[in-house]
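Subject: The structure we talked about

Hi there,

Here is the structure I promised to hand over. Have a look at it first, and then read my notes below with it open beside you.

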Amino acid sequence: MKLKTILVAGAALAATATVAHADTLADVKARGELNCIVTTGLVGFAYTDENGQWRGFDADFCRATAAAIFGDGSKVKFVPTTGKTRFTALNAGEGDILYRNTTETMSRDVDLKLSFLGINYYDGQGFMVKKDLGVTSAKELNGASVCIQTGTTTELNLADYFRANDMSYEPVPIETNDEARANYLSGRCDVYTTDASGLAATRASLDDPKNHIVLPEIISKEPLGPAVRQGDEAWGDLTRWVLRAVIAAEEYGVTQENVAELSAGPTGKPDVDRLLGTEGNFGEMIGLGNDWAANAIKAVGNYGEIFDRNIGPNTELGIERGLNAQWYDGGLMYAAPIR
Amino acid sequence: MTDVTEQNYPPGKHPSLPPPRNMTGWHVWIWKNFFGSITNTVLTFLSIFLIWQIVPGALDFLVFDSVVNAGSRAECREIADGACWAVIVERFEQSIFAFYPEEERWRVILAFILLFPTVGILLFDGFPARAKLMKFTIAYPFIAGWLIVGGWGLEPVSTDKFGGVMLTLIIGVTGITLSLPIGILLALGRISKLPAMRIVCVAFIEFIRGVPLITLLFVASTMLNYFLPPGVQFDLLLRVLIMVTLFASAYMAEVIRGGLQAIPKGQYEAADAMGLKYWQSMRLIILPQALKISIPGIVNTFIGLYKDTTLVIIIGLLDVLGIMKTALADPKWNGLPEEVYIYTAIFFFVSCFAMSRYSLYLEKKLHTGHKR
């Protein structure tokens, strides 16, 4: 009873804290840098390079947001968090925005008082097997031993999938990706299952990637996207439209290379002009300069460029666009119009 | 017969004769120690078999087939199949300083170098002019803090730039140096005759010992922010340092209490009979004996604390293990966990072994009266 009172008081205090700090944009501008929550290390999504700079898909989106605000993509402080601390770090105000390969779910959105801004990567749980196992479909995995990270949604998805298809499996519980890799290689499990992007990273880290295949079935929806605290709608709008602007830039053919030229003056293409601020005052609507989107694209490029640079087919990970292609290419990336 | 007369020594003066042949020499030593009995013989062959199984492969992997110069894991694999030390070579500086700005790193190095005379003065009583230099030792934490954090003429460096070996050392050294005095006070409080003092100390020790360090770190990283008034930003590293120190102090208190209880009651009574006040009797009679007995336990706690610092990765601080794992997420180096874990293991082994050796030295030096 007492403990409950304390917790309620704590939560109430936290809520007042967020209300008191409702003007996140003003705080960020006063601080001079954006605090962006990322992971402590995930291949292709967030990692440190040899100069101690954060790189990766998620890190680039942090830079895009900072560039939209400050006109300078380097004004980001990266806050590394683990899966267990990411939401508390956001809610406690240690970060202004979270780009941490986080699946949007209803309970996170509603219960944890987060505001998801959209999806920057459509992921889903898949299976990887050794080629010489002769399996070509997940439906043939009856009786297989499966390496699975405990305590994650992947564990539940796996159980659901096997039950729905009336198959049995033998779980080999593991804690980390490194452990899974070692167990999979030593043959303690026939199958390794995790998100498809993680499988691609693990496969790329093997000495003989060609002898391992990722099965075509994707058994869950893992829409990964950024989130902010609930209660500051203006900040949510700003960050949401930065994400959309980067996606829209690909659709309109604005790239890191040609953005300076295109934003120099009206191009006669209304979509491009509105995006780059040579027409209308869309930047002012969200409290920024009208060159907000142009700055973001100058810093990191459009969605396709970010994807290709960090995780695309020409990187070590070699992930195809798939669901993450633009809508006109059969994917799900579809930015609402800026007008 | 002439020989015998010439070797006619007075009684008791006969020089020792060499041992009989086949009772001395390296071959006898080997025979005795390795093949002296059936069990020994079996164990010897078993060990030779194991060494033969493990060592060549390990040497191939670690040394002969290893690659030191390469730009990525793929390049390593093209050259040889062994360990890819290139990842350690490339990330060596990062593993020590993490995000600390490059042009300011001399400050960390200076603070680290100054740590040696400080520790030397403190730990070895043969140190020249020790009594005078003690002042420097007392000032060291402030000097080091100023050097590393900055301010007062130095470029300030925010603590979120800390990481790697320097973070491990900062947390470890702070925890170790502060937990000993706090632990002594807690132990004295726990056996104190004042009920209020005793209850507070017992409650503190039992609470902290009853909670895993991870929980305390979580409290430090997340809960404290909720409890503090809005707008109060309390440095994360400072919160962690406080929690680690409190945690180690509680364990230290129990180790020292064990030492205090081993002191016979007569010692306390004798100190009282001499007319010594409480602190005098503790300082001059009880604690020197109690701490001496507790040395193995104290060093044990130190080493445990030092290794526990790797847990800070859970709350997003990148210690030496954490920063190297982040490096592994670089697609260039993805898939080299063995190299990174071996590197980290060597680092921790060297530090912990040094602590353990010092404890042995101290025990030998102080072995008056209790040596078994």
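Let's start with strand β11 (residues 191–195) of chain A: five of its five residues are buried, so the strand is largely enclosed by the rest of the structure. Here "buried" means that 20 or more other C-beta atoms lie within 10 Å of a residue's own, while 12 or fewer means exposed and anything in between partly exposed, with C-beta atoms placed from the backbone. Helices (H or I, at least four residues) and strands (E, at least two) are DSSP runs, numbered from the N terminus.

Before going further, please keep in mind that this is a predicted model: local features need pLDDT of at least 70 and side-chain atom pairs count only at pLDDT 80 or more, whereas totals for chains, interfaces and linings use all residues. Residues are numbered from 1 along each chain as its sequence is written, and chains are lettered from A and ligands numbered from 1 in the order in which they are written.

**The sheet around β11(A)**

Strands of a sheet pair through backbone hydrogen bonds, either parallel or antiparallel. In this model, two strands pair if DSSP finds at least two bridges between them. Strand β8 (residues 125–130) of chain A pairs with β11(A) in the antiparallel sense over five bridges, and Met128(A) has Tyr192(A) as its bridge partner there. With strand β9 (residues 144–149) of chain A, β11(A) pairs in the parallel sense over two bridges. Val146(A) stands opposite Val191(A), and Cys147(A) stands opposite Tyr192(A).

These strands belong to an open sheet of five strands in chain A, with the order β10-β9-β11-β8-β12 and mixed pairing. Its edge strands are β10 (169–174) and β12 (212–214), each of which pairs on one side only. Neighbouring strands are turned by 30° against each other on average, direction ignored. Helix α8 (residues 196–204) of chain A packs on this sheet and touches β8, β11 and β12; its direction makes about 125° with that of β11(A). For angles, axes are lines fitted to C-alpha atoms, for helices over the stretch in contact, and the values run from 0 to 180 degrees between N-to-C directions.

**Another covered strand**

Which strand of chain A has six of its six residues buried? That is β4 (residues 76–81), which is mostly covered. In a regular strand the side chains alternate between the two faces of the sheet. Both faces of β4(A) are covered: Val76(A), Phe78(A) and Pro80(A) are buried on one side, and Lys77(A), Val79(A) and Thr81(A) on the other. Strand β1 (residues 34–39) of chain A pairs with β4(A) in the parallel sense over six bridges, with Asn35(A) opposite Lys77(A).

**Two helix pairs**

Two packed helices are described by the angle between their axes and the distance between the axes. In chain B, helix α11 (residues 236–261) and helix α13 (residues 278–308) pack at an angle of about 140°, with their axes 8 Å apart. These two helices, α11(B) and α13(B), are therefore oblique to each other (under 35 degrees is roughly parallel, over 145 roughly antiparallel, 65 to 115 roughly perpendicular, and the rest oblique). Their contact has 13 nonpolar, five polar and no charged residues. Two residues are in contact if their C-beta atoms, placed from the backbone, lie within 7 Å. As for the classes, Ala, Val, Leu, Ile, Met, Phe, Trp, Tyr, Cys and Pro count as nonpolar, Asp, Glu, Lys and Arg as charged, and the others, Gly among them, as polar.

In chain A, the axes of helix α3 (residues 57–70) and helix α13 (residues 292–300) come within 7 Å and cross at roughly 140°. The contact of α3(A) with α13(A) divides into eight nonpolar, one polar and three charged residues.

**Where the chains meet**

Here 29 residues of chain B are in contact with 36 residues of chain A. On the chain B side, α5 (86–97), α10 (213–227) and α14 (320–328) each supply at least two residues. That side divides into 14 nonpolar, nine polar and six charged residues.

Most residues other than glycine have a negative phi, and most peptide bonds are trans. Phi of Asn101(A), however, is near 25°, a positive value. Asn101(A) lies in the loop between β5 (97–98) and α5 (106–110) of chain A, and counts as buried with 25 C-beta neighbours inside 10 Å.

Enjoy exploring!
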